Amino acid sequence: MDLIIISLLVLGVTGLVAAILLFFIAQKFKVEEDPRIDEVQAVLPGANCGGCGFAGCRALAEACTKASSLDGLLCPVGGAPVMEKVGAILGMAAPAGEPKVAVIRCNGTCEARPKTSEYNGTRSCAIMSAMYVGESGCAYGCLGCGDCVEACAFGALKMNPETGLPEVDENLCTSCGKCVKACPRHIIELRKKGENNQRMVVKCLNQDKGPAAKKVCANACIGCGLCAKVCPQEAITVANNVAYIDFDKCVVCRECEPQCPTGALWGMGFPERLSKTAAAPAQETEAVSTDKDEKFDSAIAAKIQAIKTPRAVFPACLPYNNK
Amino acid sequence: MNTFKIGGVHPKDNKLYSAHQPIIECGLPKQAIIPLAQHIGAPAKPVVQKGDKVKVGQLIAEAGGFVSANVHSGVSGTVTKIDVTTDAWGMKMPAVFIDVEGDEWMEDINRTSDVLRECAMEPKEIIDKIAKAGIVGLGGACFPTHVKLCPPPGQKAEVLIVNGVECEPYLTCDHQLMLEHGEEIMIGIQITMRALGINRAVIGIEKNKPDAIARMTELAHKALGIEVKPLKLKYPQGGEKQLIDACIGRQVASGALPISVGAVVDNVATIFAIYEAVQKNKPLISRVMTVTGKSVKKPGNYLVRFGTPLAQVIEMAGGIPEDTGKIIGGGPMMGRAMNSVDMPAHKRTSGLLFLPEDESRRGEVANCIRCGKCVTACPMGLEPYLLSRMSELKMYDEMEQHNVMDCIDCGCCMFTCPSHRPLLDYIRSGKGIVGGNIRARQAAAKAAAEAKK
Amino acid sequence: MKNLIVAPAPHAHSGDSVRKNMLLVIAALMPAYAVSLAAFGWGALIVTLISIAACCATEWLIAKFILKQQPTLCDCSAILTGLLLAFNLPSNLPWWLIVIGAVVAIGVGKMTFGGLGQNPFNPALVGRVFLLIAYPVQMTTWPLPQGFNAVDAATGATPLAYMKQIVKNGDMSLMDKLPDLQDAFFGFMGGSLGEVSALALIAGGIFLICTKVITWHIPVSILATVAAFAALGAPAGMCPCHYTALTLCTGGIMLGAFFMATDYVTSPMTGWGKIIFGIGIGLIVMVIRTWGAYPEGMSFAILIMNATVPLLNKIRPKRFGEVVKK
């Protein structure tokens, strides 16, 4: 009996002393913190991806709470809806942010861009680009080692073994920009997702003159400027032998796409490609059809149809339009 | 016999293919492409224009900054264009294109083979002449020599160390140069000593070149203050810091320059170029290159004018061997594997090595077994296994704390790794980023200090 | 022309490989193995074969079906682990105990951590210590050396057990039971497979040092520490020289110093780290032998010091130019 009482007393007194000590220590070392930081953090996605430029969601929450306006502070994962919530908590207007997506600006597939050497070092774009031009002759294109794939925390990028190029899963991409930083060739760009997830992109950065660019890659932009000529919005500029589409001006009319002689210009988010190579046999369908089978004709006919009425065909069968 | 104290490896030296092959002059090309950036630092600014007639040895581009060097034409003819060309790695570099016509030299160049011993010039004059001649370190780094010969204020050179080590396997150009032009090198050393105002010089030569040691020792007896140090065979003895340690037993501290221990290091080829520039008025327009490899038909040492396409040099050596898998510019330890041979010879091209295909690929990478062989081999006393892992994990601050900037890229760690791990690939890439971070920090500190003022 | 191969420098390699190192260690173990074959006959051969086969099978199965990796049997590390495990077992151990030991050694000691290069503890010793603790009777009944002509398995205690008695109780009557120094050195005493002949083990160790597979630091520091400890702590009435020599030649000291403690994966990387590691092992083994419950402590000593390796790896090698000589 005594034993139980003694042990209860000892434990109780120890606990009491410890509690008092802790109370004073907690008072002494108390850190004053804005309670709104916790609230903001609760709204943020909590992926800690660092895509906002801060070291995790907590740091962004602190930055938002301290800032006098939310301009320039954006959670790329949550996008505008999350920022609106943050703005509501802090009593500030959320900046208008448009969803973006990473775009790979190289179409130098294995087929189009033959290898001129065999790289035997560590498979890393950073190491390879410090060493030399890469396995193909193109000094601007994708190196194909997948530094971007490794950098992506959301699994939105993967290498396509057939083309040797990375591909973006637009449903998973949060436009955090890690891949943009990881790419030593700077071929990844964050672009507006666009209406219906459709946008026009020049998938090439080769600044060499036309013949030189064409020599290393069949899909290279040769800077011919045909696309710029037809663009009704004047959204396309050609500088350093490469065309670039300003996505603020572009209205995705796809006038430019069939003009491209090499296949560097792409309409993304469309089921069909519009290209000269597809259009050319279409004009000669009658001449060709005599020695081609029915199947081929119908395929070409479908393509012609698609070219003639692009807008009418596409909304029904968009691959990514599942929202 | 001396050597450096930390680390080092013993690769098979493979010098037998081209050793003792007399230096042969390579013929003139039809078109010479002379790059404007053949050195560390800013590229040179062209002073000729399209259509200009140039002679051999004529200045065609001026140094473009403090750390930069003049570029002279190696051929005579007409400048057809000044444009960019690609080097063997596909990188762009500006160059002067010259269509070769005859072989007309500048009048003030002494083209005789007489050995001119007397030199009564003032140090200032000598350094000026070296700068004008566009001489850079021909050992590989291509650092402008005149900059090296002007110690920063407060520091004084005490001893000139001449690098005749040639520790890279396969290469023999310096060896052959010592055998054929030993006397000129001795005079070059005396001129350099005069320029530095010192009276002691040490020539370091590895013991796998006994004839060069004998020849240089014999010549050194006649000269005052010059000593030949035979050195034990160990790679990377030709590294600047390792050579100073081996020759005079002083170690340059981390981040410091050789001048901090009173040493100035120059390669024998550089010394020979200094002799030619000062005594014969001949700017740096050619160098000796080793073309070698197991299957090369005529491996040897070739005197090549800058601007000559490498293809022509290869032709002299009997063409590209059938079984070639890898072509390396330089030696197998630090040389760069080339993407193509469409490149002109310039100040940096110290050799061409053809490796057969079965020796060209790396071994299969296995797990690190923590044997510590890389730590033992590292001549800078670093921990390569750790640095490489940190680089993989992007822990750049930790890399800096572990002295990654001391790494000299010698490749001992990768050479010795039983698991064939690509240690240096990762360390080199991490070092680049750490170096960038340090420079950014210094720039920020400088800007902050100026803002305070 | 074919496409050229391009890779960053260096383009030369020493030709060293994991497999080569493992094979050299196996070769260095062969003299000791020959002695144990001569001493224990068929038992030694059977134990070794079962141990190696079980280790290889465990590694292959785990790599293939659990880790889903390409099995790395080609590097011969599993064979070496099997051989070293066998060296640490008595030659009359039942086969199923050997298999359990091998499964623990490779499965728990190595593959749990991700395979070769990742394990913090020496796998063979993990297997042995597991068996020693779980099956103490079988593990400490050693057959006496009888060669291939053994009729029945006569067993006896090892010299170490007697030595312990002498040191602890001062029971000098046991002195007769100690083996001759000569026998201990050349290998005619009871014990585990691999620990019978100090001479053969030293020969193998020197071979490893000469072929640069291991460095001198660990074996020398272990042996020096053990010798110093023994010389100072020799029991009264016994010549310190005799006692020191016996201490060094009996038990697993030699096997541990040259082959177990020097395992690449579980030993420090730098010279000073290795020396501290060796001294630690020497001290712990003598503490266990003198005051502990077990007559033998090499396995425990090495395992304990294995745990300190990450800490010892913090010791930096001497940087170039750290002390500028005047």
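In chain B, Ala61(B) stands opposite Val71(B), a residue of E6(B). Strand E5 of chain B, residues 59-62, is joined to E6(B) by two bridges, and the two strands run antiparallel. The model is a predicted one, and the predictor gives the complex an ipTM of 0.86 and a pTM of 0.85.

- E5(B) belongs to an open sheet of three strands in chain B, with the order E3-E5-E6 and antiparallel pairing.
- The edges of this sheet are strand E3 (45-46) and strand E6 (71-72) of chain B; each has a single partner strand, so one side of each is left without a neighbour in the sheet.

**Chain B overall**

- Chain B contains twelve helices and 17 strands.
- For the 453 residues of chain B the globule rule gives 22 Å, and the radius of gyration is 22 Å, close to that value, so chain B is as compact as a globular protein of that length.
- The C-alpha trace of chain B spans about 60 × 55 × 55 Å along its principal axes.
- In chain B, 57% of the 453 residues count as buried.
- Among the contacts in chain B with a separation of 6 or more, 73% are accounted for by residues 24 or more positions apart.

**Contact between chains B and C**

- Chain B has 53 residues in contact with 33 residues of chain C.
- On the chain B side of this contact, at least two residues each are supplied by strand E15 (324-329), strand E16 (336-337), helix H11 (412-416) and helix H12 (423-452) of chain B.
- Of the elements on that side, E15(B) gives the most, with four residues.
- The side of chain B that touches chain C is made up of 26 nonpolar, 16 polar and eleven charged residues.

**Contact between chains B and A**

- Eleven residues from chain B and twelve residues from chain A take part in the contact between these chains.
- The side of chain B that touches chain A has four nonpolar, four polar and three charged residues.

**Chain C: confidence and domains**

- The mean pLDDT of chain C is 86, and 85% of the residues of chain C reach 70 or more.
- The domain assignment divides chain C into domain 1 (18-139) and domain 2 (157-312).
- Where these domains touch, domain 1 of chain C contributes 29 residues and domain 2 of chain C contributes 28 residues.
- On the domain 1 side, the elements that give two or more residues are helix H1 (18-40), helix H2 (42-66), helix H3 (77-87) and helix H5 (123-134) of chain C.
- H1(C) provides the largest share of that side, eleven residues.
- By class, the side of domain 1 of chain C that touches domain 2 of chain C has 21 nonpolar, seven polar and one charged.

**Chain C: helix H11**

- Helix H11 of chain C covers residues 240-249, and its buried residues are Leu246(C), Thr247(C), Leu248(C) and Cys249(C).

Technical notes:
Residues numbered from 1 in each chain as written. Chains lettered and ligands numbered in written order. Predicted model: local features only at pLDDT ≥ 70, side-chain atom pairs only at ≥ 80, totals over all residues. Domains from an automatic or database assignment. Contact = placed C-beta atoms within 7 Å. Nonpolar A, V, L, I, M, F, W, Y, C, P; charged D, E, K, R; others polar. pLDDT = per-residue confidence, 0-100. Pairing = 2+ DSSP bridges. Buried ≥ 20, exposed ≤ 12 C-beta atoms within 10 Å, placed from the backbone. Rg over C-alpha atoms; globule rule 2.2 N^0.38 Å.
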